[in-house]
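Subject: Structure for your review

Dear colleague,

Please find the structure below, followed by an account of what was found in it. I would be grateful if you kept it open while reading.

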Amino acid sequence: MDSDRLNRWLTLAANFGVLVTLILLVFEIRQNTDMLQTQMAQARVDNRLEYFRAAMHSDYWPALEVKRSTAASSEEWLNSLTAEEYQRVRAELLYEINALATQFYQYQNGYLDEQIFETAVEGQAVRTMRKLTHFQDLDLSESEFLNYLNSIARKYELSEFDASNQ
């Protein structure tokens, strides 16, 4: 009988050890998730800072911004661009669209804070939508992301992007 009793105590101790191990594992996974989310947020900030730093030190971007700020409309600004400048603006817009799409999917999957998404990302989407309507030749076939961009356009009374023109 003593061995049966000892066996029950050992089983109970082993089960308790498994429970403690599972609790520690859950704690470590949460810590790891928090750390990854922090790293993603820092990478997002670093990416945006590098983008602005590159624009500040660019040989051509300040001149494009001066043209933009002195033009009476977006159409006037785009018409004033040389073919090379137009391609630079188009490439910058593609960069913004890809950055927005990445942030959109991060938010959808719970990796981007709602406050950041509703402020900084939405502001970036507004700036992008103001330009996007002048570049209808871009391929934006991903419907969920395009629906998000067009919802931003409606919210701020901007023109929507018409994917049927592609």
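K67 is partly exposed, with a relative accessible area of 26%; the class partly exposed lies between buried (under 20% relative accessible area) and exposed (over 50%), judged with a 1.4 Å probe and protein chains only. This is a predicted model, in which local features need pLDDT of at least 70 and side-chain atom pairs count only at pLDDT 80 or more, while totals for chains, interfaces and linings use all residues. Residues are numbered from 1 along each chain as its sequence is written, and side-chain values use heavy atoms, leaving out hydrogens and water.

Salt bridges

K67 forms a salt bridge with E85, their closest N and O atoms being 2.7 Å apart; the term requires a side-chain nitrogen of Lys or Arg within 4 Å of a carboxyl oxygen of Asp or Glu. Because K67 lies in helix α2 and E85 in helix α4, the pair ties together parts that are 18 residues apart in sequence. Helices here are DSSP runs (H or I, at least four residues), numbered from the N terminus. E85 counts as buried, at 17% relative accessibility.

The structure holds 9 salt bridges. In one of them, E96 pairs with R48, with closest N and O atoms 3.3 Å apart. This pair links distant parts of the chain, as E96 is in helix α4 and R48 in helix α1, 48 residues apart. Both E96 and R48 are buried.

Helix α4

Helix α4 (residues 83-108) has 26 residues and reaches 37 Å from its first C-alpha to its last, close to the 38 Å expected at 1.5 Å a residue; the expected span is 1.5 Å times one less than the number of residues. Its buried residues include V89, L93, I97 and F104. Among the elements that cover the buried residues of α4 are α1, α5 (114-132) and α6 (143-155).

The nonpolar core

The largest nonpolar core has 29 residues, of which V89, I97, L132, L140, F145, Y148 and L149 touch the most other members. Such a core is a set of buried Ala, Val, Leu, Ile, Met, Phe, Trp, Tyr and Cys residues joined through side-chain atoms within 4.5 Å. Helices α2, α3, α4, α5 and α6 each supply at least two residues of this core. V89 touches W61, L64, W77, L81 and F135, not counting residues up to four places away in sequence; contact means heavy atoms within 4.5 Å.

Yours sincerely
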